[in-house]
Amino acid sequence: AAAQSRPSALQSGESLATLKNESDSLKKKLEEERAKLHDVELNQVAEKVELVSALSIRTRRVLKGHGNKVLCMDWCKDKRRLVSSSQDGKVIVWDGYTLNKEHAVTMPCTWVMACAYAPSGCAVACGGLDNKCSVYPLSLDKNENLAAKKKSVAMHTNYLSGCSFTNSDMQLLTSSGDGTCALWDVESGQLLQSFHGHTADVLSLNLAPSETGNTFVSGGCDKKANVWDMLPCASVSCRLYDLRADREVAVYQKDSIIFGASSVDFSLSGRLLFAGYNDYTINVWDVLKGNRISVLFGHENRVSCVKVSPDGTSFASASWDTSLRIWA
Amino acid sequence: MTIRTIRPNRGQHYRPRMHCLQKIEAHMVEMQDPKSGLKGAEQKLNVTTIPHVITGQDIIAWLLNKMKVTQEEAEAYGTMLVAYGYIYPLQNHRKLVMCNDGSLYRFQTPYFWPTQKWVAEDCDYAIYLAKRNIRKKGVLEPFEQEHYTHLHTWLNHKWDFIVMQATEQYKAGKERKKPDRVVLDCQERAYWIVNRPPRRTHSALDYGTDRLIDPTVEEKISFDQHRRMNIFYQQAIMRSKVKSSVSLGALVKFVNTYKNHDPFLAPCLPSNPWVTDNDTYWTLNIRRVDQCTKMRVERWSFSFFELLSDQRGRDDFKSFLKKEFSGENLAFWEAAEELKWGSAAAIATKAAVIFKTFLAPGAPRWINIDGRTMGLTVKGLDHPHRYVLDGAQTHVFLLMKKDTFFRYLKSPVYKEMQKRALNPELHNFSEAQLEQNARNRSLGVHPITVWEQEEEERAKAAIASAPVDVKAMMSKIDRK
C-alpha cells in the first residue's frame with residue numbers, strides 16, 4: 001500500500017457498526033484461510049536439523065567516545081567501519097577494526113535516534129528530535145568540517161526514529177514518530193513516496209535484501225509491524241513471521257526473560273537471531289528450534305541497537321551505557 | 001507521606017508500556033511469601049535494629065532456584081530488581097547492584113514500587129530534600145545538593161508550600177517510634193535514589209523520549225480506518241499464500257545452504273579478522289582479485305541474486321556473457337537499476353539513453369523481450385518515472401535467472417574459476433602472535449578511495465561501450 005487518499009464521508013447505509021461487523025467477519029475469514037494452509041509447525045520441519053554447537057561469542061572491541069546514550073548504529077559495506085549516534089547530539093564514524101574515530105559531527109539537536117551509512121561509504125545520514133534526516137558527505141581529510149557540506153533531505157512533523165539508504169546513496173527511507181514512513185530523493189530533497197499505515201509512532205524500519213529490493217518492514221508503537229512493498233517497539237517476545245504462508249511461525253521468549261527486546265538481527269545464514277534487551281543483555285536464539293542458545297553480558301545499560309556486519313563476521317551492539325561493542 | 005497528584009494530560013507525554021513490572025511484582029510477592037519465600041533477619045545498624053534484612057547471596061540463591069537460570073543471569077536479574085527499586089541495599093545505598101555475598105538488602109514497600117501510572121514528581125522530590133535539609137541541618141550529599149539547587153531555582157514560586165509540607169512531614173516523623181522512623185527513612189531514601197540518581201549516572205527507569213500515543217488506552221477505530229482495514233483484509237484474503245510446509249521447508253533449506261558460510265557457525269578461512277586481528281579474509285574477498293576463494297565461488301552457485309550481489313561474481317558472469325555475445329541483457333538490467341535507485345533529476349535523461357541503446361528498433365544493444373512488455377515499456381517512457389522499466393527489467397532478470405545463469409554454472413568460465421579457487425589454510429596463531437596482530441591492525445583501503453577508483457573504471461567502461469558513431473570515427477581517421 002503506497003500513499004493513501006484522504007478520508008471520505010460515510011456512504012448511505014454505512015454506519016460504524018456495520019463497518020465494524022464487516023471488519024470482524026473479514027478478519028475471521030482471513031484467519032480461516034490462513035488456518036487451511038497451516039499444515040505444519042516450524043519445530044516439526046526443523047526436527048531433523050542438527051543442533052547448533054556451543055558458540056563462543058565474546059566482545060572483541062569496545063568503542064568508547066560518546067558522552068551519553070548511544071541510540072543507533074549502522075555498518076559500512078566495507079565490513080569494518082560504522083556510524084553511531086547518541087543522545088548528546090554527536091554522530092561518530094569509526095573504523096571498528098582499529099578503533100579509530102574517523103569523523104565526529106555535532107548535530108543541532110539532542111536524541112539523534114537514527115543514523116545510516118551510505119552504500120558507497122561516502123556519506124552518512126542522521127536525524128532525531130530535529131524532525132529531519134540530513135546527509136553528511138564524508139571526506140578523506142580528517143580536518144574537514146563535515147557540517148559545512150550537510151544536506152537536509154527528509155522533513156517530518158515529528159521525531160525521526162529510523163533511516164536507511166536504499167540500494168544507492170541517492171535515496172533515503174525514513175520512519176517517524178508522526179506515524180509515517182517516507183522515501184526521499186537525496187539530491188533534491190523531494191518526497192518521492194509516503195507510507196501511512198501505522199496509527200502510532202513508527203519506531204524502526206529495515207529494508208529486506210531481495211532481487212527486487214522493493215520491500216521494507218516498519219515497526220511501531222501500535223504493536224504492528226508493517227511490511228511495505230516499495231521492528232517492533234520493546235515487546236518482551238521476538239516474533240518470526242512467514243510472509244508467504246501469511247502467519248506468525250515462532251515466538252522467541254523465556255519465562256526468565258522479563259525485560260523487552262529493543263532490536264534484533266539475523267546472522268548470515270538466518271539460523272541465529274541476536275536480540276538486544278532492556279536488561280542490558282543480548283540473547284542469541286536458534287531461529288529454527290526456538291530455543292535460546294546463549295546470553296551475552298557486558299553492557300552496563302539498555303542495549304538500543306544490534307546489527308550484524310555486512311559479511312556476517314561479527315555483530316555490533318549499541319547501548320545506553322555510552323559504548324558500542326563488537327562481538328564475534 | 002507526600003500526596004500524589006495525577007499528572008495532567010498534556011498530550012505528548014506518554015511513557016512506553018512497561019511490561020516487565022507485572023512480572024517483577026509477581027516475583028517480589030513470591031519472594032516474600034511466608035512459606036516459600038525468603039526469611040529476613042534482624043540487623044543492628046548503628047544504634048537501631050532493622051527487621052527483615054536479607055543478604056544478597058540468599059536472594060540470588062532463591063532466584064537460581066525459582067527461575068532455573070545460570071548464576072550470571074540470576075545476578076543480572078538481581079541487579080535489575082535493585083535498579084528498579086524493588087529491593088534496596090542497606091550499605092552502599094547509592095550503588096544499585098546486587099552483590100552475591102553477605103551484603104544486606106531489604107524489600108521495598110509496595111507504596112514505593114515503580115508503576116506505569118505515576119511519575120516521581122519534582123515537587124515531591126523538593127519536599128523530600130527540604131525535609132532532609134531540616135533534619136540534617138543543611139548537610140545534603142553532593143548530588144542531592146546539585147538537585148536541590150536546581151529545584152530551588154525552577155520551583156521557586158512554590159517554595160513556601162514545599163517548605164511547609166517538609167516541616168509538617170518532619171514533625172509527623174518525629175512522633176513515630178524510632179525503629180519505624182529509621183525504616184521509613186531508608187525506604188524513602190532508596191525510592192529517591194532510584195528515581196533521581198546523581199546527575200550523569202544512569203537510571204533503570206529512564207525510558208528515552210515520550211511517545212505521542214498513550215499505550216495504555218484502547219485504540220478508538222474510526223469508520224474510515226475500518227474501511228481501510230476492510231480493503232486490506234480483502235486484499236489479504238485474495239493474496240496467494242503457500243502452505244506452511246512449503247515456505248518453512250524453504251526457510252530450513254536456505255539456512256542449511258548457508259550454514260557453512262555463516263561465520264558464527266563455521267570457521268572463516270583463514271580466520272575471522274575480529275577474532276585474530278588478521279584481515280587476510282577481507283583482502284582475499286575484495287572485488288579485484290584474480291583468484292577467488294572456494295567458498296566465494298560456491299556461494300555464487302546458490303542463486304542468481306548471490307552471483308549478481310558479489311561484484312566479482314558479476315564481473316565473471318559478464319566475461320561469460322561476452323563470450324556468448326549476449327551481454328545486452330545484463331547491461332540493460334544494470335542500466336535499469338541505475339535509473340531506479342538514482343537521483344530523480346536524472347531519470348528523464350537516463351530513460352532516453354536506455355531507450356536509444358536497448359529498446360529502440362535497431363538499437364545497438366537491443367534486448368529481446370516479448371512484444372507486449374516492449375510496447376508497455378516504450379509507452380511508459382513517454383512519461384518516465386523510476387519504476388517505468390520494472391516490467392522489462394523483471395522479464396530480462398527472469399530470463400537470465402532461468403536460463404543464462406544455469407548455462408554459466410556449467411560453462412568453462414565458471415569451471416575454470418572453481419578449479420583455480422583458493423582454499424586458505426586455517427590460521428593457527430600462538431598467544432604471542434595474536435598479541436602482535438593486535439598491535440599491527442591493518443588500515444585497509446578507505447571506502448572513499450575504493451569508490452573513486454570504481455568511478456574511474458565506470459567512466460572508462462562507459463566510453464568503451466558507447467555506440468560507436470561510425471561516421472565520426474571515419475572522419476577522425478580521415479583527419480589523421
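## A look around chains A and B

A:N131 is partly exposed, with a relative accessible area of 22%. On this scale, buried means under 20% relative accessible area, exposed means over 50%, and partly exposed falls in between (1.4 Å probe, protein chains only). Everything here comes from a predicted model, where local features need pLDDT of at least 70, side-chain atom pairs count only at pLDDT 80 or more, and totals for chains, interfaces and linings use all residues. Residues are numbered from 1 along each chain as its sequence is written, chains are lettered from A and ligands numbered from 1 in the order in which they are written, and side-chain values use heavy atoms, with hydrogens and water left out.

Back to A:N131, then. Its phi is positive, about 65 degrees, although the residue is not a glycine. You'll find A:N131 in the loop between β7 (123–127) and β8 of chain A.

| Residue | Phi | Relative accessible area |
|---|---|---|
| A:N131 | A:N131: about 65 degrees | A:N131: 22% |

Now for the strands of chain A. Helices (H or I, at least four residues) and strands (E, at least two) are DSSP runs, numbered from the N terminus. Two strands pair if DSSP finds at least two bridges between them. Strands of a sheet pair through backbone hydrogen bonds, either parallel or antiparallel. In chain A, 4 strands make an open sheet with the order β6-β7-β8-β9 and antiparallel pairing. At its edges are β6 (114–117) and β9 (151–155), each pairing on one side only. Neighbouring strands of this sheet are turned by 20 degrees against each other on average, direction ignored. Strand β8 (residues 132–137) is tied to β9(A) by 4 bridges, and A:K132 has A:M155 as its bridge partner in β9(A).

Further along chain A, strand β10 (residues 160–165) is mostly covered, with 6 of its 6 residues buried. A hairpin takes β10(A) to β11(A) through 5 residues. These two strands run antiparallel and are joined by 5 bridges, with A:C163 standing opposite A:T174 in β11(A).

Over to chain B, which has 22 helices and 4 strands. Of its 480 residues, 42% count as buried. The domain bounds come from an automatic or database domain assignment, which gives domain 1 (9–118) and domain 2 (260–441) for chain B. The C-alpha centres of those two domains lie 56 Å apart.

How do helix α18 (residues 390–410) and helix α19 (residues 412–420) of chain B cross, and at roughly what angle? Their axes come within 5 Å and cross at roughly 50 degrees, so α18(B) is oblique to α19(B). Axes are lines fitted to C-alpha atoms, for helices over the stretch in contact, and angles run from 0 to 180 degrees between N-to-C directions. Angles under 35 degrees count as roughly parallel, over 145 as roughly antiparallel, 65 to 115 as roughly perpendicular, and the rest as oblique. In contact terms (heavy atoms within 4.5 Å), B:Y408, B:L409 and B:K410 of α18(B) meet B:P412, B:V413, B:Y414 and B:K415 of α19(B).

One last stop in chain B: a cis peptide bond, with omega about 0 degrees, joins B:L269 and B:P270. B:P270 lies in the loop between α9 (244–258) and α10 (273–276).
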